[in-house]
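Me: I would like to learn how to read a fold from its model. Could you take me through it, feature by feature?

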Amino acid sequence: MKQIIAIVQPHRLEAVEQALYALEHLPGFTIFPARGHPRGVGPHHAYTATEWNPDAHDRLVLLMFCADELAPKAVEAIRAAAHTGHPGDGLIAVSAVEDAVRIRSGEHGDAAL
């Protein structure tokens, strides 16, 4: 089982959702609003925090769990749909999940998805 976390631009959400809905056996996903800060500016990517930073960008964080065999397809669907070719397109991280438990039924593992 895999956990996929994707940080995407808000204006790409509809395209990402449609790409994921097109996948067979999509287990579902959750979306959170977020504020992102770029790597920084200058030759050393230095960042100095201020009380209000106009460089912060609105982003969305997509979280999903899926079976191991679906993960590469989900990652490619998100990547292709979120891609604009400009800096700030986002990031996708994939990690292994030891177990998941469906609260309602008590099912474990892939059955919980």
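This is a predicted model: local features need pLDDT of at least 70, side-chain atom pairs count only at pLDDT 80 or more; totals for chains, interfaces and linings use all residues.

Me: In what order do the strands of the open sheet lie?

Reply: Strands are DSSP runs of E with at least two residues, and helices are runs of H or I with at least four, numbered from the N terminus. Two strands pair if DSSP finds at least two bridges between them. Here 4 strands form an open sheet in the order 2-3-1-4, with antiparallel pairing. Strand 2 (30–36) and strand 4 (90–96) are the edges, each pairing on one side only.

Me: Which residues stand opposite I4?

Reply: In a regular strand, side chains alternate between the two faces of the sheet. Strand 1 (residues 2–8) is joined to strand 3 by 7 bridges, and to strand 4 also by 7 bridges. I4 faces M64 in strand 3 and V94 in strand 4, while I7 has V61 of strand 3 as its bridge partner.

Me: Which strands does helix 2 lie across?

Reply: Contact means heavy atoms within 4.5 Å. Angles run from 0 to 180 degrees between N-to-C directions, with axes fitted to C-alpha atoms, for helices over the stretch in contact. Helix 2 (residues 71–82) lies across strands 1, 3 and 4, at about 5 degrees to strand 1. Helix 1 (residues 13–21) lies across strands 2 and 3, at about 10 degrees to strand 3.

Me: How many salt bridges are there?

Reply: Side chains of opposite charge can pair when their charged atoms come close. The rule asks for a side-chain nitrogen of Lys or Arg within 4 Å of a carboxyl oxygen of Asp or Glu, and the count comes to 3. One of them joins R35 and D58 at 2.8 Å, N to O. This pair links distant parts of the chain, with R35 in strand 2 and D58 in strand 3, 23 residues apart.

Conventions:
Residues are numbered from 1 along each chain as its sequence is written. Side-chain values use heavy atoms; hydrogens and water are left out.
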